Structure formats: C-alpha cells, structure tokens
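Have the model open as you read.

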Amino acid sequence: MGFLKWPFKDKRNQQMEQDLDQLKIVPDHVAIIMDGNGRWANKRGLPRFAGHKEGMDNIKRIVKLANGYGIKVLTLYAFSTENWKRPKQEVDYLMMLPKEFLDTYLPELIEENVQIKTIGHFEDLPKHTKQAVQHAIDRTQDNTGLILNIALNYGSRSELVETVKSITADVKANHISVEDINEAMISDRLFTARLPEPDLLIRTSGEIRLSNFLLWQLAYTEFWFTDVHWPAFNEKEFKQALLAYQQRKRRYGGLEA
Ligand code: IPE
Ligand code: IPE
Ligand code: MG
C-alpha cells in the first residue's frame, strides 16, 4: 500500500503549501511547549542531553521560519520551575544551553533583527546563564523584528503568587484601593506585561497538558498538539499548526461575526 500512499500525501502537501501562500491570518504570538527532547534521544539510543542539544538547534530553525511567516512574538518554554526536580547533571546541562545557543546563534539572530526577551524567575538562574542571556537581551534590545521570548525558570502559579503579593503590598501602602484591582492590572504585573496574549499554543511530543505554562495568558488561546518530539518539529509541522489556526473560529464567548 506504501506506493499508493505517497502520491496522495504529496498532493496534500502541495495543497497545504498553496493554502499557506495565501495565509492571511498569521498569529501575532505563538507559544510553544518544546517537549520530548528526552524521548527523541531515547528512541535513537542516545543520552538525554543529545536530545536537548538537538532541541536547541531546532530553536534556530523555528525562529527563522517564524520570522519569515511574519509572527511577531515567539514564546518558547525552555525550563520550568518544576524542572529543578531533574537530576543535577541534566539541570546543569540545561543551564549551560542558553550560553551555547547564544554563542552559536546570536550573530545570526542579530542579523535577522530578532529581539530577545525572557519570562521567568531570572534572578534564580546560575550566574553564567544569566550573564549570557542578559548580554543577548542588551545586544538585541533595539531590534524591531520577531521577539524571541524565552521562558526560563518560568512557572505560572509562582508568577500569579508574585502578582498577588505585589498588588497586596500596593493596597497595604495605600497606593491603590481594592476597587482599583482589575484584569488589566493583573496582566500588567505578569512577566508577559507589554506582550500580546498568545494566539496559538503548540505542544510537541504527545502530552495534552499545560505543565504550569501561562495559565492566565492562555485563557482564549487556540491549542494545537502533535506527537512529534521537539527536535523533529519541522517546517511541515509548523505550517500544519498555522494552517489549523487559520481555520479556527475565535469567538471569545460571543457569536460568530
Ligand atoms: C523538553 O524535553 C525539555 C525540557 C523540559 C527542559 P524533555 O526533557 O521534557 O523530554 P521528555 O519529555 O523527557 O521526552
Ligand atoms: C514542560 O515539559 C516544560 C518545558 C517544556 C520546559 P515537562 O517535560 O517538564 O512537562 P511534564 O513534566 O511532562 O508535565
Ligand atoms: Mg517532557
């Protein structure tokens, strides 16, 4: 049956290309839970770190594509507040990757006009990680292209706890009253303040869960899940997600226009 399958598949791919050429509704903000590095490596009989390395290289490929599609913000979940539970050796390796990524790719990212930002508890990262990332943030702050927003030591629940604390402190100090508290105030105090909410969330590697990612910000985001592991998430997959997004009807609780 294999010989029967491929021409049909090829035709469908051609159709997809055409559909994407006419793509009008490109999401402004795409967020990705880059999952499955370990399983990708495992499947190939490689150690987990090899999956993380390949996953890191894939970031560059996806950033380039996102830039080309006209996406404005790409938020990538790179390390969660819960990932500290992993063996020290793996955590140490993951904490070394931002420097390796930036040593390799920062010149290209600058050339592509990419602006680097982060969300998460930056202060609690190891010094060498902070230094490399801060350098990239400073170096790209005036760039006007795609915002590459890396979620590093990010956890949505702790983000919300910090927000509640900061609002409570302002109430206590009489800077604001309880009546002043509204949705915009909460949004403005999250790590994502000044960024639009994600339009599309992609999670790779088959898990159908959020793993403490952007719980507030994803309230009306469109979700797209794939079984493909992050290191293997490629142009074809990315286009499929964007095409699916294009066909969604976003109603925000209202009625279709
Ligand atoms: C995603 O891949 C990277 C991080 C969470 C840092 P995983 O390391 O979670 O890979 P799996 O899920 O074990 O395959
Ligand atoms: C989510 O993946 C975090 C990142 C991709 C950085 P995990 O692999 O940590 O999620 P769980 O543990 O399967 O929920
Ligand atoms: Mg995982």
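What follows covers the helix, then the ligand.

This is a predicted model, in which local features need pLDDT of at least 70, side-chain atom pairs count only at pLDDT 80 or more, and totals for chains, interfaces and linings use all residues. Residues are numbered from 1 along each chain as its sequence is written, chains are lettered from A and ligands numbered from 1 in the order in which they are written, and side-chain values use heavy atoms, without hydrogens and water.

Start at helix H6, residues 156-172. Helices (H or I, at least four residues) and strands (E, at least two) are DSSP runs, numbered from the N terminus. H6 has 17 residues and spans 24 Å from first C-alpha to last. That is close to the expected 24 Å (1.5 Å times one less than the number of residues).

Which residues of H6 are buried? They are Ser156, Glu159, Thr163 and Ile167 (buried means under 20% relative accessible area, exposed over 50%, with a 1.4 Å probe and protein chains only). They lie on the same side of H6 because they cover an arc of only 65° around the axis, taken from the directions from the helix axis to the C-beta atoms. They pack against strand S4 (147-154) and helix H7 (183-188), with contact meaning heavy atoms within 4.5 Å. On the other side of H6, Arg157, Val164, Lys165 and Lys172 are exposed. Just after H6, Asn174 takes a positive phi of about 60°.

Now turn to ligand 2. Residues around ligand 2 (a heavy atom within 4 Å) include Tyr77, Phe79, Asn83 and Arg86. Polar contacts are pairs of N or O atoms within 3.5 Å. The side chain of Arg209 has an N or O atom 2.8 Å from a ligand 2 oxygen. For Asp35 the distance is 3.2 Å; for Arg203, 3.3 Å. The protein covers 78% of the 390 Å² of accessible area that ligand 2 has on its own (Shrake-Rupley method, 1.4 Å probe).

Methods. Polar contact = N/O pair within 3.5 Å; in protein donor to acceptor, adjacent residues only side chain to side chain.
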